[in-house]
Amino acid sequence: VLGEALVFGEAVKEDFSHDEMPIYGKFAPEAVCFPSSTGEVAEVMRICCEECVPVTVRGAGTGLVGGCVPLCGGLVLSTERMNSILAYDMNNLTVTIQPGVLLRDLAADALSHGLMYPPDPGEKTSTVGGNVSTNAGGMRAVKYGVTRDYVRGLTAVQADGTVLTVGGKNVKDASGLSLKNLFIGSEGTLCVITRCILRLFPKPETSLSLLLPYRDLKSGIRSVLTILRAGLNPTALEFMERSVVEWGERYSGVTYPCKG
C-alpha cells in the first residue's frame with residue numbers, strides 16, 4: 001500500500017518511541033508508516049484491524065501526556081506527510097487542511113490571506129490534527145475559545161478502515177448526534193483524523209501588548225475581573241511573578257521599565 005512510506009526494525013527512528021515528556025519512557029514500535037491520503041490511511045487501518053496490529057497515531061510528537069507513545073508496539077501511523085493546506089473558502093471563512101499541517105504554518109498562511117486562526121496552544125510546532133485530537137486550548141481561550149470551537153467538519157477513519165465525513169461548512173448543523181464533537185478530543189482512541197474544515201476570523205486591524213506592574217499578588221489577580229467586567233475583552237492575560245521577571249532579565253539582559 002505504502003511502499004517506501006513504510007519502515008521497519010532498525011530503520012525506525014528513536015523519536016517514534018516517545019514524546020516530549022521523558023518520564024513515560026520509550027516504547028519502540030515494530031514499524032512506522034507515512035500515509036499521504038485518506039485512502040491510504042483507510043487501507044492501513046483495515047489491514048491492521050484484520051491482523052490485530054496495534055496502531056498509534058502520531059502528529060509532530062510534541063505532546064506531554066504520552067498520547068503518541070506506542071505502549072503496545074505495533075505500528076505508528078504518522079501524519080507528517082499529510083501536511084497540505086487544501087483550500088480557503090472566503091465566502092464561508094473556512095479553510096480545509098490535512099492533519100499534519102503545523103499550527104504555526106496555518107496561522108501564518110491564514111494571515112497572508114487576511115484571516116486569523118484564533119486557537120493558540122503553547123507549542124506552535126504541533127500539528128493541527130493533534131490539536132483537534134486533544135482539543136488544545138492556549139492563552140487565547142479566554143477570548144476566542146478552544147480548538148473545538150473552530151472545527152466545522154472532519155474526515156475520519158475508524159479502526160476497521162471505514163471513512164466518515166462529519167460536520168461541514170454550515171454553521172447551523174444541529175440534526176442528529178454530533179459525531180464531530182465526539183471525535184474532537186478523543187486523542188486517537190476513536191478514529192484517525194485525515195481532513196479538517198476550520199473556521200477563520202478576519203485578521204484584526206491592530207494588536208497591542210501591555211505590561212502592567214502591580215505592587216502585590218492580590219492586586220494583580222483582582223485586576224483580571226476588573227478588566228473583563230470593563231468590557232475590554234483582551235485576547236490573553238498572563239501573570240508573571242516578580243522573581244520570574246528577574247530571572248528573565250538576568251538571562252536575556254533585557255530590563256523591564258517598571259518594577260511594580
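**Ground rules.** I count helices as DSSP runs of H or I with at least four residues and strands as DSSP runs of E with at least two, both numbered from the N terminus. My model is a predicted one, where local features need pLDDT of at least 70 and side-chain atom pairs count only at pLDDT 80 or more, while totals for chains, interfaces and linings use all residues. Residues are numbered from 1 along each chain as its sequence is written, and side-chain values use heavy atoms, with hydrogens and water left out.

**Entry 1: the whole chain.** I found 7 helices and 11 strands in the protein chain. Its C-alpha trace spans about 65 × 45 × 30 Å along the principal axes. I then checked burial, where buried means under 20% relative accessible area, exposed means over 50%, and partly exposed is in between (1.4 Å probe, protein chains only). Of the 260 residues, 35% count as buried. The chain exposes about 15100 Å², and carbon and sulfur atoms supply 55% of that. These areas come from the Shrake-Rupley method with a 1.4 Å probe, and for residues only the protein chains shown count as cover.

**Entry 2: a nonpolar patch.** Which residues make the nonpolar surface patch of about 380 Å²? I listed Val 142, Val 224, Leu 225, Leu 228 and Leu 237. For such a patch, residues need over 30% relative accessible area and no salt bridge, and nonpolar side chains (Val, Leu, Ile, Met, Phe, Trp, Tyr) are joined within 5 Å; in charge patches, like charges are joined within 9 Å. A salt bridge is a side-chain nitrogen of Lys or Arg within 4 Å of a carboxyl oxygen of Asp or Glu. Helix H6 (residues 217–229) gives the most to this patch, with 3 residues. Leu 228 lies in H6, and Leu 228 counts as partly exposed because its relative accessibility is 38%.

**Entry 3: the cores.** A nonpolar core is a set of buried Ala, Val, Leu, Ile, Met, Phe, Trp, Tyr and Cys residues joined through side-chain atoms within 4.5 Å. The largest one has 24 residues, and Ile 97, Leu 106, Tyr 117, Val 132, Leu 154 and Leu 198 touch the most other members. Elements that each supply at least two residues of this core include helix H2 (103–112), helix H3 (128–134) and strand E8 (151–157). Apart from it lies another core of 19 residues, among them Ala 42, Val 44, Leu 75 and Val 157.

**Entry 4: Thr 94.** Is Thr 94 buried or exposed? I noted it as buried, because its relative accessibility is 1%. Thr 94 is found in strand E6. Contact means heavy atoms within 4.5 Å, and beyond four places in sequence Thr 94 touches residues including Tyr 88, Arg 152 and Leu 198.

**Entry 5: Glu 30.** I found Glu 30 in the loop between strand E1 (6–8) and strand E2 (31–33). Its side chain reaches the backbone nitrogen of Gly 74 at 2.5 Å. That is a polar contact, a pair of N or O atoms within 3.5 Å; within protein, one must be able to donate a hydrogen and the other to accept it, and residues adjacent in sequence count only if both atoms are side-chain atoms. The C-alpha atoms of Glu 30 and Cys 72 are separated by 9.8 Å, with the two residues 42 apart along the chain.

**Entry 6: positive phi.** Asn 233 has a positive phi of about 50 degrees although it is not a glycine. I placed Asn 233 in the loop between H6 and helix H7 (242–252).
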